[in-house]
Amino acid sequence: MGNVLADCSRCDVCNAARLGIDPCELRTDASSGQQSSRLSGGGSAQRRAQGGAGQGAGRHDFHPADMTEADMLQEALRLSRLEAERARGGAAPGRSGPQSADEEEEVMAEVARKAQMQEEARERARLRAEQEAEYEESLRVDREREAEKALRQKEEEERRQREAAEEEARKREAEQLRAEAEEAERVRKEKVEATVADARSQLSPEPGASEPSRVQVLIRTPQGARLKRAFIGSDPVGQIYHYVNAEGGEALAGSEYRLVSSMPRAVFDDREATLEAAGLKGQCALLVEIIED
């Protein structure tokens, strides 16, 4: 209660201006005699007689916040008496008449009630401040969560876009490789077909069994196939290559190879030489040997 009464700017009991009293009448002094004189009702007249200097000092030394709780209660009682007497119109300002114990108790109850109201108001203000602080903190947490959520969504969207771009790039690369492979296969087939067609067009007719220089050639391919045909001794070795290209299939027509004999080993890669000059007579067995890159 002392703190409430000391706050003169908020306490209606100590509001001298409202009662029409000179605020200097409420000045507190260190001297107990002056305090007693003020409470007895004759303090006003004595201070008026003190002179200009003392009067001016009293006005500037008015500090209700420095009053003790007992002083504040006494002032409250005195001001209550003044207000009651003025209401009755029977007392001069600055003087107090007798007041009953009930009236004093009523004044004290009023002071306590106002103090309680002020305390409740401060408590409500404190609760509002706490609630506002909690609300602001809740807003801050919500904003942070929303920011984190937005950041995660942005990162997830960027990741999906990046993965989609990578997948699209892989698809384009695979499509390009497939197209290149298809083009290479098309070119290879065209080359094989051209080789087979050229070989068949240049292959000489097979001689009959009564041909004196007839040479019977047996050819084994890497795939395990056996090719057999007769040639004339005066035919070039290239005729055997034409035969292999024409009848050996795409695997041989589209590959680089050479004809060899195993026992003894000999390589027949001079396609301009005749069979007779190359040593191929009678019945011969040849192998197709693929030339690796």
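Is tyrosine 243 buried or exposed? I looked this up and found tyrosine 243 buried, with a relative accessible area of 10% (buried means under 20%, exposed over 50% and partly exposed in between, with a 1.4 Å probe and protein chains only).

I note that this is a predicted model, in which local features need pLDDT of at least 70 and side-chain atom pairs count only at pLDDT 80 or more, while totals for chains, interfaces and linings use all residues. Residues are numbered from 1 along each chain as its sequence is written, and side-chain values use heavy atoms, with hydrogens and water left out.

I then turned to the aromatic rings, which pair if the centres of Phe, Tyr or Trp rings (for Trp the six-membered ring) lie within 6.5 Å, with planes under 30 degrees apart counted as stacked, over 60 as edge-to-face and the rest as tilted. By this rule I count two aromatic pairs. The ring centres of phenylalanine 231 and tyrosine 243 are 6.2 Å apart and their planes stand at 75°, so this pair is edge-to-face. Because phenylalanine 231 lies in strand 2 and tyrosine 243 in helix 8, the pair ties together parts 12 residues apart in sequence (helices are DSSP runs of H or I with at least four residues, strands runs of E with at least two, numbered from the N terminus). Phenylalanine 231 is also buried, at 0% relative accessibility.

The pair of tyrosine 241 and tyrosine 257 is stacked, with 5.6 Å from centre to centre and 25° between the planes. I place tyrosine 241 in helix 8 and tyrosine 257 in strand 3, 16 residues apart, and I find both tyrosine 241 and tyrosine 257 buried.
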